[in-house]
Amino acid sequence: MPDGSFSLPARLYLLAWDTDRLRITGAAHLHHLVRAGALTELAQRGLLVDDDGIATPVDLDARTGDIVLDGLLDLVRESMPRRWKTWVNLRARHTLDAVREQLAAGGQLRVDKKRVLGIFPSLDYGLAAPAVADAVREQARRALDEDVPVSAVSATDAAVVALAAAAELRTLLAPKDRRRHRARIEELTERSGAPAPALRKVVREVRTAMVAATAAATASATASASA
């Protein structure tokens with residue numbers, strides 16, 4: 001997968017990497033973030049539309065050519081009708097696994113096989129191309145630049161920032177900077193739905209679900225640490 005052609009969920013996954021420490025940030029809710037990115041891109045492409053709050057495929061045979069996006073499309077088609085917020089959570093780790101496999105095949109990740117407790121096989125993913133993750137982060141930060149007109153930011157770049165901010169990704173924004181960029185993030189959230197007026201509702205629903213999933217994951221992690 002050449003640089004510049006990454007899907008929205010792949011870009012969000014790469015953005016979560018701290019390239020100085022070579023470790024993932026926000027791991028507790030990363031699967032929700034990646035799933036939210038996939039839902040948003042499918043909506044931006046017009047392959048998932050809103051039907052009274054339900055994420056609905058417009059074509060039972062349409063394909064994107066991207067294994068991650070097509071995998072989610074198939075899952076939505078094969079399942080009973082569900083709301084957008086449900087899809088941010090439901091079997092979200094399947095989408096995360098697909099992104100990892102895709103990036104490993106493209107050489108952006110390396111894969112180490114190991115055994116948990118010396119018995120159960122497991123895969124450990126490491127960042128093989130820090131420069132690529134850095135480029136994704138810099139592109140997202142350019143979208144945050146107040147000197148750049150929001151109209152000049154692509155809907156995809158705007159969605160990267162909107163969802164990453166909802167997930168509180170520290171690799172994009174330190175906590176102290178979120179308040180300063182709040183208005184810009186709201187503008188970029190609106191820009192994420194620019195391809196079609198009805199899409200703005202979808203983007204906001206997915207973003208709201210992402211905020212709720214992040215809060216729940218953080219609360220769970222805090223409770224576990226204090227137990």
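## Pocket, helix and ring contacts

Helix H10 gives 3 residues to the lining of the largest pocket, which is the largest share. The model described here is predicted.

**The pocket.** The largest pocket holds about 260 Å³ of space. Its lining is made of 14 residues, and those nearest the centre are Gly26, His29, Glu168, Arg170 and Thr218. Two elements give two or more residues to this lining: helix H8 (175-178) and helix H10 (199-226).

**Helix H6.** This helix covers residues 130-144, which makes 15 residues. The buried residues of H6 are Val132, Ala133, Val136, Arg137, Ala140, Ala143 and Leu144. Viewed down the helix axis, these buried residues of H6 fall within an arc of 140°, and therefore they line one face of the helix. On the face of H6 that is turned away from the buried side, the exposed residues are Ala131 and Arg142.

**Rings.** The model has 1 aromatic pair. The pair is formed by Tyr13 and Trp17, with ring centres 6.5 Å apart and planes at 75°. Planes over 60 degrees apart count as edge-to-face, so the Tyr13 and Trp17 pair is edge-to-face. Tyr13 is buried, with a relative accessible area of 1%, and Trp17 is buried too, at 4%. Another ring, that of Trp87, has a charged residue over its face: Arg82 lies there, at 6.0 Å from the ring centre.

**A loop residue.** Asp52 is found in the loop between strand S3 (48-51) and strand S4 (54-57). Residues over 50% relative accessible area are exposed, so Asp52, at 62% relative accessibility, counts as exposed. Along the sequence Asp52 and Arg83 are 31 residues apart, while in space their C-alpha atoms are 8.8 Å apart.

| Residue | Relative accessible area | State |
|---|---|---|
| Tyr13 | 1% | buried |
| Trp17 | 4% | buried |
| Asp52 | 62% | exposed |

Key
Residues numbered from 1 in each chain as written. Predicted model: local features only at pLDDT ≥ 70, side-chain atom pairs only at ≥ 80, totals over all residues. Heavy atoms only, no water. Helix = DSSP H or I, 4+ residues; strand = E, 2+ residues; numbered from the N terminus. Expected span 1.5 Å × (residues − 1). Buried < 20%, exposed > 50% of the residue type's maximum accessible area, 1.4 Å probe, protein only. Arc of directions from axis to C-beta. Phe/Tyr/Trp six-rings, centres within 6.5 Å; stacked < 30°, edge-to-face > 60°. Lys NZ or Arg CZ within 6 Å of the ring centre and 35° of its normal. 1 Å grid on protein atoms, 1.4 Å probe; cavity = no way out; pocket = protein on both sides within 12 Å on 5 of 7 lines; lining within 4 Å. Points joined across faces, edges and corners; volume = space filled by probe spheres on them.
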